[in-house]
Amino acid sequence: GFFRQEIAFRRAMHYPPFGSICCITLSAGQEPLIREKAVRLAEAFKLRRENDRDFAAIDILEPARAPLFRIKDRYRWRLVLKGSDPISLVNFLMPVTDRFDFAKVAVAVDIDPYQML
């Protein structure tokens, strides 16, 4: 029963194995800084998607606080991207992340993460 329910949910949401997700976690010591960086990164991703129609199918979820928002005096925000496969997600995000100013911010990129915490 659980499997049937979960696999139907995954198919409807385009989660693995029916699609791929990329979880980008940003962390910094100051909450306003990390929120601003997350919003700017999301805007950069949206601009890339608008300028390159090859990536029109990439979904960019709004930046939000990570479920574990504060760990050892570091604040965490997260962006989630959804696409058809991991290669298209990497090809989409690399030009943006290569040029983005991550000064004073730690970043972790996880393709098809095992867990979303």
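Reader: In which sense do strand β3 and β4 pair, and over how many bridges?
Author: This is a predicted model. In it, strand β3, residues 64-71, pairs with β4 in the antiparallel sense, over four bridges.

Reader: Does D73 count as buried or exposed?
Author: D73 counts as exposed, because its relative accessibility is 53% and the cut-off for exposed is over 50%.

Reader: Which strand pairs with β4 over nine bridges?
Author: That is strand β1, residues 20-28, and the pairing is antiparallel. Within it, S27 stands opposite R76 in β4. Strand β2, residues 59-60, also runs antiparallel to β4 and is joined to it by two bridges; there D59 stands opposite K82.

Reader: How many residues of β4 are buried, then?
Author: Nine of the ten residues in β4, which spans residues 74-83, are buried, so the strand is mostly covered.

Reader: Back to β1: how far apart are I24 and W77?
Author: I24, which is found in β1, is 53 residues from W77 in sequence, while their C-alpha atoms are 8.4 Å apart in space. I24 is buried, with a relative accessible area of 0%.

Reader: Now the helices. How many residues has α2, and how far does it reach?
Author: Helix α2 covers residues 31-51, which is 21 residues, and reaches 30 Å from its first C-alpha to its last. That is close to the 30 Å expected at 1.5 Å a residue.

Reader: Which residues of α2 are buried?
Author: The buried residues of α2 are E31, I34, K37, A38, L41, A42, F45 and R48. Seen down the axis of α2, the buried residues fall within an arc of 135 degrees, so they line one face of the helix. On the other side of α2, E50 and N51 are exposed.

Reader: A change of topic: what joins P16 and P17?
Author: A cis peptide bond joins them, with omega about 5 degrees. Most peptide bonds are trans. P17 lies in the loop between α1 and β1. H14 is found in that loop too, and has a positive phi of about 60 degrees although it is not a glycine. H14 counts as partly exposed, at 45% relative accessibility.

Reader: Finally, how much space lies in the largest pocket?
Author: About 190 Å³ of space lies in the largest pocket. Its lining includes Y15, P16, I21 and Y114.

Reader: Which helix gives the most to that lining?
Author: Helix α1, residues 2-13, gives the most to the lining of the largest pocket, with three residues.

Reader: And how does the lining divide by class?
Author: The lining of the largest pocket has seven nonpolar residues, one polar and three charged.

Note on methods
Residues are numbered from 1 along each chain as its sequence is written. This is a predicted model: local features need pLDDT of at least 70, side-chain atom pairs count only at pLDDT 80 or more; totals for chains, interfaces and linings use all residues. Side-chain values use heavy atoms; hydrogens and water are left out. Buried means under 20% relative accessible area, exposed over 50%, partly exposed in between (1.4 Å probe, protein chains only). Two strands pair if DSSP finds at least two bridges between them. On a 1 Å grid over the protein atoms alone, a cavity is a set of points where a 1.4 Å probe fits but cannot get out, and a pocket is an open set with protein on both sides within 12 Å along at least five of seven lines; lining residues have an atom within 4 Å of a point. Grid points are joined across faces, edges and corners, and a volume is the space filled by probe spheres set on the points. Ala, Val, Leu, Ile, Met, Phe, Trp, Tyr, Cys and Pro count as nonpolar, Asp, Glu, Lys and Arg as charged, and the others, Gly among them, as polar. The expected span of a helix is 1.5 Å times one less than its number of residues. The arc is that of the directions from the helix axis to the C-beta atoms.
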